[in-house]
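Please walk me through this model in the viewer. Tell me what to select at each stop and what is there.

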Amino acid sequence: MTEIIIWFITCFVSTLGFAFVFYKFADVPRKFNLKFFIVFWLGVLGVLVIQYYKIESLGHIAFFIFYPILFYCMKPMPFKKLFYYVVVIWLYATALDLIAMLIVSSVYHLYKIDVYSYSFECILTFFVFIIMIIFSYSKRVKIFTANLYKRLDKISYLDCSLIIFSIFALTMSVIMFLNLSNLRINILLLIIVGLMFIVFVGLVKFIISNRENKTFLKILKDNNEFYIKMEEENRIFRHNLNAKLLSVKSVANKDAKKLLDNFMLKNSRSINFSKNIKEIPYGLNGIIYEKTYPFMDKIEIKIINNVTFDIFKVLQPIKYNVLVEKMVIALDNALEACANSDKKVLEINISSQNSFIVVEIRNTFSNFINLDCIGNSGYSTKGKLRGLGIFSALRDNEATLNIKIVNGIFISKISTKIKVAKYKD
């Protein structure tokens with residue numbers, strides 16, 4: 001019974017130490033989590049059984065199964081980041097265990113104490129626990145861990161696949177070279193070598209394409225800053241122009257004042273779009289700005305955004321491109337229909353719903369629209385030989401476009417599935 005109690009304390013303290021280090025490193029929110037509580041105690045009991053019955057083969061396997069689940073219950077995050085924290089904390093703990101083993105060896109040789117007793121095992125566990133707590137409070141260790149992840153995060157799954165495949169191919173080549181005298185060149189071997197070459201070329205091609213897409217997305221992000229600066233400069237220009245016109249108006253005659261009043265009324269609408277554009281996800285903000293800004297003086301435009309994470313981290317390039325393509329087509333049609341209507345109201349809602357990015361565009365319109373015919377090549381409310389935009393937008397399944405009319409409002413809903421669950425980094 002005493003042995004079980006000692007092992008229980010040891011397992012509880014070690015598990016608590018790992019969880020606390022993750023709590024500090026990952027900035028886990030301070031709130032009660034029932035899932036964590038249940039998984040934590042189940043894990044403690046599982047480790048207790050493994051240690052008590054000395055099932056060494058399950059030790060490390062259980063570690064890399066249990067702790068990812070425990071950490072995810074504490075704070076949901078992408079698998080890559082979660083696995084990184086598990087590996088890093090395991091490496092820190094392994095290093096501390098090595099230090100503890102050196103201490104055990106020194107104590108054994110100097111004082112001939114029975115260092116293999118259960119009580120001594122418990123003392124060493126507390127020692128490692130205390131050192132891990134100190135590590136978790138160290139700003140240098142925390143910064144080093146965060147910076148190391150930023151560097152490793154740049155390595156994609158394709159890069160890892162190429163590295164693994166290159167090691168495999170190199171190993172196979174060495175084995176074949178060492179057994180060259182006994183090696184028989186047959187069709188099967190040629191097929192294997194050919195397949196290896198094709199896979200290698202394919203991986204390299206995918207990696208190059210992936211890097212090009214990342215470069216394109218980075219340029220797109222950087223270019224969005226131009227739209228914000230242009231909006232601010234335009235507002236400054238309008239402000240200064242109105243000030244100068246007021247000074248001219250103060251010395252103008254009656255007719256000139258009427259002309260100036262008419263001009264200022266038409267061009268003095270102050271729209272602070274730069275503040276709004278910062279709230280829209282990168283990539284979408286520049287496109288929405290470029291499309292809507294020419295209509296700012298004609299249409300009442302409202303933009304609502306509930307996406308708080310970077311869409312480039314959760315959308316593959318092909319999905320992002322199709323999402324933008326369909327959004328642009330729907331937005332062009334909405335702006336044109338809205339400008340020709342009486343009320344002239346356009347609303348853009350950007351949200352995340354059940355692992356989907358959703359862009360919903362609502363607009364007023366004037367012409368009669370037959371929903372059953374929308375999407376057919378050649379049908380359009382704008383005349384003949386039109387309607388190809390909606391027709392093409394409905395074809396690609398990487399993002400869906402749904403159209404409906406509710407209470408006299410035309411609604412275009414574009415959605416695409418993200419590759420991971422929504423998270424806040």
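The tour below goes from the whole chain to the sheet, then to pairs of side chains.

**Before you start**

This is a predicted model: local features need pLDDT of at least 70, side-chain atom pairs count only at pLDDT 80 or more, and totals for chains, interfaces and linings use all residues. Residues are numbered from 1 along each chain as its sequence is written, and side-chain values use heavy atoms, with hydrogens and water left out.

**Stop 1: the whole chain**

Show the cartoon. The protein has 14 helices and five strands. Both are DSSP runs, numbered from the N terminus: helices are H or I with at least four residues, strands are E with at least two.

Of the 425 residues, 34% count as buried. Buried means under 20% relative accessible area, exposed means over 50%, and partly exposed lies in between (1.4 Å probe, protein chains only).

Contacts here mean heavy atoms within 4.5 Å. Among contacts with a separation of 6 or more, 74% are between residues 24 or more positions apart.

**Stop 2: the sheet**

Select the strands. They form an open sheet of five, in the order β1-β2-β3-β5-β4, with mixed pairing. Two strands pair if DSSP finds at least two bridges between them. Go to the edges: β1 (300–305) and β4 (400–406) each have a single partner strand, so one side of each has no neighbour in the sheet. From one strand to the next, the twist averages 15 degrees.

Zoom in on β1 and β2 (residues 345–352). The two run parallel and are joined by six bridges. Pick Ile-303; opposite it stands Ile-348 in β2.

**Stop 3: helices across the sheet**

Helix α11 lies across β1, β2 and β3, at about 175 degrees to β2. Helix α13 lies across β2, β3, β4 and β5, at about 10 degrees to β3. The axes are lines fitted to C-alpha atoms, for helices over the stretch in contact, and angles run from 0 to 180 degrees between N-to-C directions.

**Stop 4: salt bridges**

The structure holds three salt bridges. Each is a side-chain nitrogen of Lys or Arg within 4 Å of a carboxyl oxygen of Asp or Glu.

Stay with the two helices and select Asp-332 and Lys-291. Their side chains meet at 3.3 Å, N to O. Asp-332 is in helix α13 and Lys-291 in helix α11, so the pair ties together parts 41 residues apart in sequence. Asp-332 is partly exposed at 31%. Lys-291 is partly exposed at 25%.

Next, select Glu-360 and Arg-362. Their salt bridge spans 3.0 Å, N to O. Glu-360 is buried at 14% relative accessibility, whereas Arg-362 is partly exposed at 30%.

Then move to Lys-142 and Asp-27. Their closest N and O atoms are 2.9 Å apart. Lys-142 is partly exposed, at 27%.

**Stop 5: aromatic pairs**

The whole structure has 24 aromatic pairs. Rings of Phe, Tyr and Trp (its six-membered ring) pair if their centres lie within 6.5 Å; planes under 30 degrees apart are stacked, over 60 edge-to-face, and the rest tilted.

Select Tyr-92 and Phe-135. The ring centres are 5.9 Å apart and the planes stand at 70 degrees, so this pair is edge-to-face. Tyr-92 is in helix α4 (residues 79–111) and Phe-135 in helix α5 (residues 118–137), 43 residues apart. Tyr-92 is buried at 17%, while Phe-135 is partly exposed at 29%.

Now select Phe-365 and Phe-410. This pair is also edge-to-face, with 6.2 Å between centres and 80 degrees between planes. Phe-365 lies in the loop between β3 (356–363) and α14 (388–393), and Phe-410 in strand β5 (residues 409–417). Phe-365 is partly exposed at 22%; Phe-410 is buried at 11%.

**Last stop: Ala-93**

Return to helix α4 and pick Ala-93. Ala-93 is buried, at 5%. Which residues does Ala-93 contact, leaving aside its neighbours within four places in sequence? They are Phe-18 and Met-132.
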